[in-house]
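Hello,

Here is the structure I said I would pass on. Please look it over alongside the notes below.

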Amino acid sequence: MNSVETLKQSEDYILELHNIKKYFPVQKSLLEQIFAGRKDFVRAVDDVSLNIRRGEAFGLAGESGSGKTTIGRLSIGLEELTDGSVVFNGIDLASLKKEELRKLRQKMQVIFQDPMASLNPRMTLGSSVMQGLIIHYPELSDQHRDMVAEIFEKVGLTPANYYFNKFPHQISGGQRQRVVIARALITRPDLVLADEPVAMADVSVRALLLDLMVQLKNEFNLTYLFITHDLATAKYICDRIGILYLGKLAEVATVQEVYQKPMHPYTKALLAAIPVPNPRKRRTEVMPAGEIPNPINPPPGCRFHPRCPIAQPDCAVDEPPLVEVEPGHFVACKYAKLS
Amino acid sequence: MNKQSEKIDSAVPEWQLELDKVGFVRKLLLARKWYKGDWWFVLVSAVLLLAIIILGVFPQWFAPYDPKAEVGPSLLAPGEETSGFLLLANIDDHVETLQEIATKTNKIGYIMGSQATQALRDSLEIMNEEAEKEETGITYQPRGYRYEDVQQGLDALQAGEIDGFIVSSEELGDHLQDYPGIYFVEEVRSSKASSFILGTNQLGQDILSRIIWGTRIALIVGLSSACISFVIGVPLGLISGFFGGKLDRILTLIMDSLYAFPGLILAIAIAAVLGAGIGNIILAIAVIYIPTYFRVVRGQTMTVKNELYVEAARSLGTKTSTILWKYVFPNVLPSVVIIFSVNVADAILTEAGLSFLGLGLPPDTPDWGIDLARGQDYLRSAWWLITCPGMMVSLVTLSFSMLGESLSEILNPRLSEL
Amino acid sequence: MDKKALMEIKDLSVTYQTRLGPVSAVDHVSFDIYKGEILGLVGESGCGKSTLGKALLRMIDPPGEISTGEIIFKGEDIMKYDYNKLRNFRGKRASMIFQDPMTSLNPVQRMDEHLIEAIGVHEPGVKRESALKRSKKMIKRLGIGADRLHSYPHQLSGGMRQRVMTGIGLILNANLIIADEATTSLDVIVEAKLMDQLREIREEFGISLLMITHNIALVAEMADRIAVMYAGHMVEIGDIYKIFEHPKHPYTQGLLASVPNIQFDANEELYKMPGEPPNLTHPPKGCRFHPRCPHAMPICSTREPSLLEIEKGWLVNCWLYQKHQD
């Protein structure tokens with residue numbers, strides 16, 4: 001079976017993003033609209049291409065405003081594209097009718113960052129999780145309860161019956177995140193978009209949740225699109241990582257490559273900025289100047305050049321493409337090899 | 001290590017399990033501790049409402065009299081005794097009871113316009129019934145003689161023109177001492193009750209009974225108009241808030257213009273067009289409260305639809321109708337419940353107002369508004385005409401809004417731990 | 001290494017009245033903050049670290065109250081201060097930076113107004129011009145361009161807002177700055193820069209910094225000493241190097257082992273601490289950590305250990321290091 005899949009190139013990838021763009025119009029007052037003459041856009045995602053292999057955990061990392069969440073939402077059709085195409089399991093999402101897309105959601109699920117906010121406060125945990133079954137497996141209605149109990153046990157919510165009739169505010173934060181995971185997995189999806197799934201959890205709970213996610217991935221043959229701002233956490237779950245800066249990919253490589261041989265100057269700065277839990281290894285690197293620029297008017301050329309320590313004059317003119325510098329290691333910087 | 005850790009992890013704290021075992025009633029009692037004042041508010045208002053609802057559903061069990069019938073003297077104060085009437089006769093006649101002087105051949109006098117006639121008629125009726133039962137064959141039907149005042153009557157009695165004279169003690173005053181030959185035989189009472197807990201109105205109707213029957217009208221009007229506004233306003237608000245766009249703009253425009261109109265005046269206008277009758281009143285009141293639901297539900301919906309759990313539901317592939325019904329509506333409901341209770345109270349007031357203005361129900365209907373309207377003419381002489389129905393309006397209004405306000409606290413799921 | 005204590009906290013408890021009865025968010029905590037040090041206070045959400053930070057400035061609002069304890073700042077007990085003295089103490093001698101600077105700055109006031117107002121409130125004699133001069137100097141010192149002085153809070157980035165908040169404390173020569181999750185909402189690079197700046201400021205002004213955070217790596221990066229809280233109790237406090245190398249309390253051990261590390265090492269695995277922090281309305285009997293503790297002994301579930309010194313300046317709250325029967 002594996003050999004067949006590798007033969008067909010398109011089936012190797014569960015998700016293909018081709019030059020996707022997402023521009024949000026900037027809300028302006030009427031006066032400004034009249035006088036400015038043109039509309040301004042926030043370029044949340046600007047020409048990103050990405051292929052995600054079946055069964056891998058792909059991490060999208062970046063600071064706030066880098067467009068990582070928007071890419072996630074675009075790739076499962078929660079947001080409409082400005083340009084480009086998203087192909088899931090060989091199906092172009094744009095070609096689907098609303099109803100077909102709704103049916104397809106069975107195969108792509110989301111784990112949200114804030115479990116409290118993503119659970120309906122007036123629905124019991126059991127029925128929250130059961131909704132997915134009611135929508136996508138209405139024919140199995142007599143088994144729904146057992147299926148929910150089964151998934152509850154799988155995510156570590158035991159005794160399942162105890163949790164079935166509880167409301168979200170009655171359980172702890174870690175348990176709520178487990179419910180959210182259960183809800184995402186009960187429809188047996190192929191792709192799970194995990195939007196900072198452990199960011200809200202405490203350190204001591206986080207490790208168990210990450211472990212659970214890895215376990216479930218193997219058990220259900222899942223593909224994760226893991227969105228995070230925390231590179232330290234991404235390391236424990238991701239196979240490959242894409243680093244985003246201002247709506248563009250700066251670097252894509254395996255986790256090991258990114259952590260051990262970062263090439264893009266931005267990746268290097270990002271990695272250096274993350275504090276190390278060892279007081280003997282305090283950071284000595286100087287941080288890049290300034291903060292992330294305004295995505296309405298991003299700098300011309302390479303978007304990182306105003307803050308880049310190795311910037312050359314032509315960086316402000318030409319936009320560097322994402323090129324494969326080494327096998328499987330893509331970098332969008334002309335001078336990456338120099339440093 | 002891993003197995004053990006999972007076991008501990010899944011273990012539910014004991015105290016929580018214990019709380020789960022606790023029954024519903026005990027949980028309610030426990031709730032008293034957390035909500036304190038609110039809990040008692042809910043309890044008191046719930047008990048009050050229950051009592052009011054029972055009153056409204058089964059008024060016949062509680063009302064002592066027919067609310068539309070004249071059951072006593074008019075304008076009797078609460079608890080006041082109707083004085084009986086005095087039967088006077090000549091000592092020489094040796095009369096001991098009314099029967100002796102009430103046959104066809106007898107003549108009995110009274111003052112013109114006195115309530116005594118009624119009392120006499122009632123007494124005769126009773127006597128005749130008894131006579132029929134015992135088959136004595138006697139018919140009690142004395143001839144009545146009317147006099148201008150007490151003195152004339154007493155003169156006639158002394159002169160032997162009549163066999164007896166019936167007079168109230170107030171009418172009699174101290175005239176009796178001037179007529180040594182006349183003495184007091186017995187008291188003649190009307191068959192009607194002699195005292196009423198809340199008094200009687202100007203038509204001699206029992207106020208207590210009218211209030212109890214009025215509860216039914218108030219509840220019917222209050223609840224059904226609130227339900228109608230709810231059923232129309234809430235879905236419109238949900239749709240308008242959730243989908244937005246042109247429909248939302250049009251609906252908002254209509255509702256805002258309705259809302260901007262003073263409520264009572266609008267209700268008067270609608271009621272005037274539709275005409276009297278309970279159904280029309282309900283409709284008129286329902287219309288003026290639709291915008292209240294609409295606005296609140298629309299606003300809440302716009303907030304709730306941006307919540308992450310709605311987004312989560314959508315990403316699960318949930319149908320829009322299901323999202324509206326299962327995700328948005330339950331989270332909008334608490335604020336609507338509060339409006340509903342306040343609305344019922346308001347509707348009762350409005351209905352009272354409409355009836356007060358004569359735009360409501362037929363005038364003989366036992367209704368608080370009508371009673372209030374009619375009672376105002378007697379405000380100085382008979383305070384109880386207005387006070388009692390007025391208090392009922394306040395009481396029902398208060399208990400509905402009290403329940404609503406305190407429910408809001410208890411219904412908030414994030415506040416209620418456990 | 002005998003340092004002078006700037007603030008001594010003795011037996012401090014903060015109790016909240018809740019529907020489920022009184023909850024002690026901070027339960028009989030004692031520790032010192034030394035002059036010129038950076039003390040990192042770490043713990044998980046709900047462990048009482050933020051409450052403790054607020055309590056140090058007596059900023060606990062009902063239904064909470066400071067139920068026991070003394071807070072001695074430069075020899076004076078703050079608990080005995082009246083309103084005016086307390087107001088003077090807050091801001092002028094100790095100030096606080098919160099997680100969200102957007103909400104702690106007045107949105108309709110410009111930056112210079114914030115700074116000038118702070119001076120005006122605490123030093124009524126100072127003229128506006130000299131206050132403005134000082135503000136400019138401070139802003140420059142914090143690495144914000146002088147042209148930003150006339151900006152409103154929403155026109156600044158999150159990092160700048162936090163620096164202004166710090167500046168308000170510094171401009172009055174505060175001795176103690178309490179930073180409650182001050183960098184949590186910032187991006188890593190901005191966070192790193194703010195940290196650099198706080199470190200420089202500490203050196204330059206000789207202030208003490210109490211860093212309250214859940215980010216243990218950040219504490220390792222910054223602090224001189226670390227204090228670990230769990231469920232309202234102080235479980236371990238001591239020198240940062242010693243504790244990171246040889247943590248004594250089982251909770252500290254677990255916590256440090258479960259911190260993700262950016263250093264790439266394929267074999268490394270995170271320690272998976274069982275369970276979750278307890279609900280403070282029903283804390284476990286005895287040591288509050290014992291249900292999750294791998295070394296739990298019979299005594300742990302019955303009696304509370306106390307925070308005792310096991311080495312100079314290193315205190316641990318655990319039966320493993322205390323004499324006991326059975």
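**What was found**

Chain B contains 16 helices and 5 strands; here helices (H or I, at least four residues) and strands (E, at least two) are DSSP runs, numbered from the N terminus. Of the 418 residues in chain B, 38% are buried. A residue counts as buried if 20 or more other C-beta atoms lie within 10 Å of its own, exposed if 12 or fewer, and partly exposed in between, with C-beta atoms placed from the backbone. Among contacts in chain B with a separation of 6 or more, 78% join residues 24 or more positions apart; two residues are in contact if their C-beta atoms, placed from the backbone, lie within 7 Å.

On conventions: this is a predicted model, in which local features need pLDDT of at least 70 and side-chain atom pairs count only at pLDDT 80 or more, while totals for chains, interfaces and linings use all residues. Residues are numbered from 1 along each chain as its sequence is written, and chains are lettered from A and ligands numbered from 1 in the order in which they are written.

**Chain C**

Chain C has 10 helices and 12 strands. Its C-alpha atoms fill a box of roughly 70 × 55 × 45 Å along the principal axes. Buried residues make up 48% of chain C, and 65% of the contacts with a separation of 6 or more are between residues 24 or more positions apart.

Strand E8 (residues 208-213) of chain C is mostly covered, with 6 of its 6 residues buried. Ser208(C), Leu210(C) and Ile212(C) point one way from E8(C), and Leu209(C), Met211(C) and Thr213(C) point the other way. E8(C) pairs in the parallel sense with strand E3 (residues 38-42) over 5 bridges, and Leu41(C) has Ile212(C) as its bridge partner. E8(C) also pairs in the parallel sense with strand E7 (residues 176-180), over 5 bridges; there Ile178(C) is bridged to Leu210(C). Two strands pair if DSSP finds at least two bridges between them.

Gly53(C) lies in helix H1 (residues 49-56) of chain C. Gly53(C) is buried because 21 other C-beta atoms lie within 10 Å. Leaving out residues up to four places away in sequence, Gly53(C) touches Ile178(C), Asp180(C), Leu210(C) and Ile212(C).

**Chain C against chain A**

In this interface, 36 residues of chain C are in contact with 37 residues of chain A. The largest share of the chain C side, 6 residues, comes from H7(C). The residues on that side divide into 21 nonpolar, 8 polar and 7 charged; Ala, Val, Leu, Ile, Met, Phe, Trp, Tyr, Cys and Pro count as nonpolar, Asp, Glu, Lys and Arg as charged, and the others, Gly among them, as polar.

**Confidence in chain A**

Chain A averages a pLDDT of 85, and 93% of the residues score at least 70; pLDDT is the predictor's confidence in each residue, from 0 to 100. Over residues 1-11 of chain A, pLDDT stays under 50, and the model has 5 contacts beyond four places in sequence for them. Where pLDDT is low, the predicted coordinates should not be read in detail.

Regards
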